[in-house]
Amino acid sequence: MTAYDFGPQHPLKPVRLERTVELLGACVGGFEAIDPGTGSVKDALRVHSLEYVETVRTLSDDASVMCREEMWPWGFGTSDNPVFEGMFEASLSYVSGTVRAAEEVRDGATLAFGIAGGLHHAQRSRASGFCVFNDPAIACAVLRERFDRVAYIDIDLHHGDGVQALFFDDPTVMTCSIHETGKRLYPGTGFVEERGAGDSAVNLPLEPFTTGDVWLWTFENGIMPRLRAFQPQAIVLQMGTDPHFLDPLGHFQVAAQEWLEAVKLVQSLGLPIVALGGGGYELSCVPRMWASAVMTLSGVEYDDAIPLSVPREWGMTTFADQDLPLPRNYGRRDAELVVASLTL
Ligand SMILES: [Zn+2]
């Protein structure tokens, strides 16, 4: 998984995963990350075309077989998705972690994590937004083998466009996403009007600089009622940490503890959960937010202080943020309009 690396200039850094695992190891006695194995093409083909999967394999082995212009229709050869050697195997290993987690829940577990996963932008035949294979969509497909109705919940800063597109015509998978508005941010989609078959797509686009109190209010009043009405039997939760106010890619003003409250709301549904990672590019935030989500969902109590065995140069002293971004309640009026328009 740590070989999934677009290079030193790219914001998606494998060290995010290493530090999360190390932090969890420092907090939870007996914590162990399970090696899910190398991953299978068969799983990738649950949501991707054979042509695309084979193209990923070809480019991974030898990028010189195509010029940049030939790569573009497949989503590669861009600054977001440069090709790297071993990309195929690394991408499949992400799939593997998520599939292993989804299979655990399909087979009866109430909770499983695939913290490397959450690559929600990949499309059926195109890489996008740092995402090669759409593991959250694959998780939904795995869960559908047992459950009649599956909900996908996406709290990443960005719209979960790939998952939405892959299930847009399928009323048995509800996709819910709260994100910075596509008018201002990649991928430029995720508007309220995108509703899917049987209203199974729920989108809550918010304005830049929306504060965490408003973000959480919107999640609670926009997504939760729709989820309860849909009555899902299992959940795939994408836990991108990039809504955080320190994240360099977006403009939300969400604190770690406000973000965690959304995770708790999902937990309060009392349903089986496959919890995945996602975006998040500020290294002093990602590990502590994912570790706090893993421990909270698992019912592990923990001190707010980060254990002293964790290197101080990682920039983390407490799980919660000490100072909330000010002023509070920013973006409330726009958020109310979004929630109201959902019900129209
Ligand atoms: Zn994101």
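Predicted model: local features only at pLDDT ≥ 70, side-chain atom pairs only at ≥ 80, totals over all residues.
Along the chain, the donors of the zinc ion follow the spacing D-x1-H-x83-D. Three residues coordinate the zinc ion: Asp156 through OD, His158 through ND1 and Asp242 through OD. The distances run from 1.9 to 2.1 Å. Where do His158 and Asp242 lie? His158 sits in the loop between β2 (150-154) and α7 (161-166). Asp242 sits in the loop between β5 (234-238) and α9 (256-267). The pair therefore ties together parts that are 84 residues apart in sequence. Are these two residues buried or exposed? His158 has a relative accessible area of 7%, so it counts as buried. Asp242 is buried too, with a relative accessible area of 0%.

Next come the charged side chains. Side chains of opposite charge can pair when their charged atoms come close. How many salt bridges does a search of the whole structure find? The search finds 13.

Begin with Glu145 and Arg46. These two form a salt bridge, and their closest N and O atoms are 2.7 Å apart. Glu145 belongs to the loop between α6 (135-144) and β2. Arg46 belongs to the loop between α2 (41-44) and α3 (50-61). The pair therefore ties together parts that are 99 residues apart in sequence. Glu145 is partly exposed, with a relative accessible area of 45%. Arg46 is partly exposed as well, at 31% relative accessibility. Both residues also belong to a network of salt bridges that links Asp43, Arg46, Arg106, Asp107 and Glu145.

Now turn to Lys183 and Glu207. Their side chains meet in a salt bridge, at 3.6 Å from N to O. Lys183 lies in the loop between β3 (173-180) and β4 (201-206). Glu207 lies in the loop between β4 and α8 (212-230). The two ends are 24 residues apart in sequence, so this pair ties those parts together. Lys183 counts as exposed, at 62% relative accessibility. Glu207 counts as partly exposed, at 22%.

Another salt bridge joins Arg288 and Asp321. The closest N and O atoms of this pair are 2.8 Å apart. Arg288 is in helix α10 (residues 286-298), and Asp321 is in the loop between α10 and α11 (332-342). This pair therefore ties together parts that are 33 residues apart in sequence. Arg288 and Asp321 are both buried.

Which residues form the negative surface patch? The patch is made by Asp61, Asp62, Glu85 and Glu89. Glu89 counts as partly exposed, at 45% relative accessibility.

Tyr186 and Pro187 are joined by a cis peptide bond, with omega about 0°. Pro187 is in the loop between β3 and β4, which also holds Lys183. A cis peptide bond also joins Leu326 and Pro327, where omega is about -5°. Pro327 is in the loop between α10 and α11.

Asn329 counts as partly exposed, at 42% relative accessibility. Gly331 is found in the loop between α10 and α11 too. Gly331 counts as buried, at 14% relative accessibility. How far apart are the C-alpha atoms of Gly331 and Glu207? They are separated by 6.5 Å, while the two residues are 124 residues apart along the chain. Glu207 is the residue that meets Lys183 in a salt bridge.

One more backbone angle remains. Phe130 is not a glycine, and its phi is positive, near 75°. Phe130 lies in the loop between β1 (111-114) and α6. Phe130 is buried, with a relative accessible area of 8%.

Conventions
Residues numbered from 1 in each chain as written. Heavy atoms only, no water. Donors = N, O, S within 2.8 Å, 3.2 Å for Na, K, Ca; no water. Helix = DSSP H or I, 4+ residues; strand = E, 2+ residues; numbered from the N terminus. Buried < 20%, exposed > 50% of the residue type's maximum accessible area, 1.4 Å probe, protein only. Patch = residues over 30% accessible without salt bridge, like charges linked within 9 Å, V, L, I, M, F, W, Y side chains within 5 Å. Areas by Shrake-Rupley, 256 points an atom, 1.4 Å probe, with all protein chains shown as cover. Salt bridge = Lys/Arg side-chain N within 4 Å of Asp/Glu carboxyl O. Lys, Arg positive; Asp, Glu negative; His and termini not counted. Charge placed at Lys NZ, Arg CZ, Asp CG, Glu CD.
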